[in-house]
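Dear colleague,

I am passing on the structure we spoke about, and below it you will find what came out of looking through it. Please read the notes with the model open beside you.

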Amino acid sequence: MVLAVGDARQSAGWLLPVLCTADVFAVYYWRRHAAAAKLFSLTPWVMGGMAVGAAALALNERILRPAVGLIVLVMLAVYVRQRVQGESQRVTGHPAAYGVTAGFATTVANAAGPVMNLYLLNQRLSKEEFIATGAWFFFVINLTKIPIYVYHGLIGLQSLAFNVLMVPAVLLGAVLGRWVVDHIPERLFEAIVVTLTVGSTILLFR
């Protein structure tokens, strides 16, 4: 999206409605599998992180994105170390670390995916619960971000017209995504999530 829009900060506003559309499909598909209780302890910390992120949107985006990426890489290293040592039943870190980072990252760059991936993987959920819980989290959070982005001028008529054109692609992706998840073993699913987390985090440093 940064390449398409040509402005990393504006791209967050262009992307948000696309994410909200995808969230609707994800919540509908996986509505019976969500482990909502896993999110309760995160809520106040996420709201705090979003408040800081909303204020930080006025800063240079070249500073914000690497900061988010560095935090996620540290969390990823802790997670991998935990898995290698066989401590998979223990959740690493206080919910505050995940919540504040996720709230901040999602507000400044729509980049909370890696943080939430690590948090939910540490909760030892099934792949269905993992997807459903993450879907509900991002559905609520992304809707909450809309007034913040409008206030900062990141959503306008041009971006919304682009978003309308993206609806068929989101629908196709939702259908294909459901099929893929139904055919992926649990351990392979976790490995894919970790790999995508690394890849998406590295992109934050560009």
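Let me begin with Gly134, which is buried, its relative accessible area being 10% (buried means under 20% relative accessible area, exposed over 50% and partly exposed in between, with a 1.4 Å probe and protein chains only). Gly134 belongs to helix α8, and its C-alpha lies 10.0 Å from that of Trp30, although 104 residues separate Gly134 and Trp30 in sequence. Helices here are DSSP runs of H or I with at least four residues, strands are runs of E with at least two, and both are numbered from the N terminus.

Two points on how to read the values: this is a predicted model, in which local features need pLDDT of at least 70 and side-chain atom pairs count only at pLDDT 80 or more, while totals for chains, interfaces and linings use all residues. Residues are numbered from 1 along each chain as its sequence is written, and side-chain values use heavy atoms, with hydrogens and water left out.

Helix α8 (residues 127–151) also packs with helix α2 (residues 8–29), their axes coming within 9 Å and crossing at roughly 150 degrees, where axes are lines fitted to C-alpha atoms, for helices over the stretch in contact, and angles run from 0 to 180 degrees between N-to-C directions. The two helices, α2 and α8, are therefore roughly antiparallel (over 145 degrees; under 35 counts as roughly parallel, 65 to 115 as roughly perpendicular and the rest as oblique). Among the residues that meet are Leu16, Cys20 and Asp23 in α2 and Phe139, Asn142 and Lys145 in α8, contact meaning heavy atoms within 4.5 Å.

There are 6 aromatic pairs in the structure; rings of Phe, Tyr and Trp (its six-membered ring) pair if their centres lie within 6.5 Å, and planes under 30 degrees apart count as stacked, over 60 as edge-to-face and the rest as tilted. The pair of Trp14 and Phe162 is tilted, because the planes stand at 55 degrees, with the ring centres 5.4 Å apart. This pair links distant parts of the chain, since Trp14 sits in helix α2 and Phe162 in helix α9 (residues 157–182), 148 residues apart. Phe130 and Phe189 form an edge-to-face pair, at 5.4 Å centre to centre and 85 degrees between the planes, and both Phe130 and Phe189 are buried.
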